[in-house]
Amino acid sequence: MERILLYNVSDCADIIKAASNMRISCGLVRDSDADMTIGELAKSVPIQHLNDDGAIGATDKGTEKESLLIFFFFTEKHMDKILFEIRRRGIKVTFKAVLTPTNSKWNIRRLLMEMRREQLEYMRMNMK
């Protein structure tokens with residue numbers, strides 16, 4: 001089942017709405033769960049639903065910290081479609097990741113560290 005985990009994302013409701021239109025479930029990762037592995041989070045974070053008014057309550061707004069989307073079990077077609085929808089809606093997310101056998105054993109902090117390292121390496125390579 002396709003699923004997106006959202007960590008520190010300020011536009012959670014917009015992403016959840018776009019994903020639910022595609023029958024994709026979403027879960028919100030709280031700071032208190034950030035030490036769990038990505039694999040554990042995939043199994044334990046509850047599916048987030050929008051209220052009747054389209055809001056998700058007090059967790060709707062993230063902070064200015066780095067944000068992260070983690071995609072689970074997506075087909076290429078659905079991945080392209082949801083990424084297009086996120087861009088179209090102007091939703092800002094610092095990093096996007098796909099579940100892999102390697103990163104499933106990492107926690108959020110480790111994944112963010114690796115994403116920062118990859119971003120710096122990409123920027124360095126493009127400056128040559």
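**Entry 1**

By salt bridge I mean a side-chain nitrogen of Lys or Arg within 4 Å of a carboxyl oxygen of Asp or Glu. Asp-31 lies in the loop between β2 and α2 (38-44) and Lys-65 in the loop between α2 and β3, so the pair ties together parts that are 34 residues apart in sequence. Asp-31 is partly exposed at 45% relative accessibility, and Lys-65 is partly exposed at 44%. For these words I use relative accessible area: buried is under 20%, exposed is over 50%, and partly exposed is in between (1.4 Å probe, protein chains only).

A note to keep in mind: this is a predicted model, where local features need pLDDT of at least 70 and side-chain atom pairs count only at pLDDT 80 or more, while totals for chains, interfaces and linings use all residues. Residues are numbered from 1 along each chain as its sequence is written, and side-chain values use heavy atoms, with hydrogens and water left out.

**Entry 1: more salt bridges**

How many salt bridges does the structure hold? I find 8.

Next I checked Arg-116, which forms a salt bridge with Glu-66, the closest N and O atoms being 2.8 Å apart. This pair links distant parts of the chain, with Arg-116 in helix α4 (residues 108-126) and Glu-66 in the loop between α2 and β3, 50 residues apart. Arg-116 is partly exposed at 33% relative accessibility, and Glu-66 is partly exposed at 25%.

Glu-121 and Arg-124 form a salt bridge too, their closest N and O atoms being 2.6 Å apart. Both lie in helix α4, 3 residues apart, which is about one turn of the helix. An α-helix has 3.6 residues a turn, so residues three or four places apart point the same way. Glu-121 is partly exposed at 34% relative accessibility, as is Arg-124 at 41%.

I also noted a network of salt bridges that links Glu-85, Arg-88 and Arg-89.

**Entry 2: the chain as a whole**

I stepped back to look at the fold. The protein chain has 4 helices and 4 strands, and along the sequence they follow the pattern β-α-β-α-β-α-β-α. Helices (H or I, at least four residues) and strands (E, at least two) are DSSP runs, numbered from the N terminus.

Of the chain's 128 residues, 41% count as buried. Among contacts with a separation of 6 or more, 71% are between residues 24 or more positions apart; contact means heavy atoms within 4.5 Å. The chain exposes about 8,000 Å², with carbon and sulfur atoms supplying 54% of it. Accessible areas come from the Shrake-Rupley method with a 1.4 Å probe, and for residues only the protein chains shown count as cover.

Which residues of helix α1 (residues 12-21) are buried? I list Cys-12, Ala-13, Ile-15, Ile-16, Ala-18 and Ala-19. The buried residues of α1 pack against β1 (3-7), β2 (25-29), β3 (68-72) and α3 (76-88). Just after α1, Arg-23 takes a positive phi of about 60°.

Then I turned to Ala-42, in helix α2. Ala-42 is partly exposed, at 22% relative accessibility. Leaving out residues up to four places away in sequence, Ala-42 touches Arg-3, Leu-5 and Phe-72. The C-alpha atoms of Ala-42 and Arg-3 are separated by 8.3 Å, and the two residues are 39 apart along the chain.

**Entry 3: a patch and a pocket**

Leu-120 belongs to helix α4 and is exposed, with a relative accessible area of 56%.

Last, I looked at the lining of the second largest pocket. Which helix gives the most to this lining? It is α4, with 4 residues. A pocket is an open set of points on a 1 Å grid over the protein atoms alone, where a 1.4 Å probe fits, with protein on both sides within 12 Å along at least five of seven lines; lining residues have an atom within 4 Å of a point. The second largest pocket is lined by 13 residues, and Lys-96, Ala-97, Val-98, Met-115 and Glu-118 lie nearest its centre.
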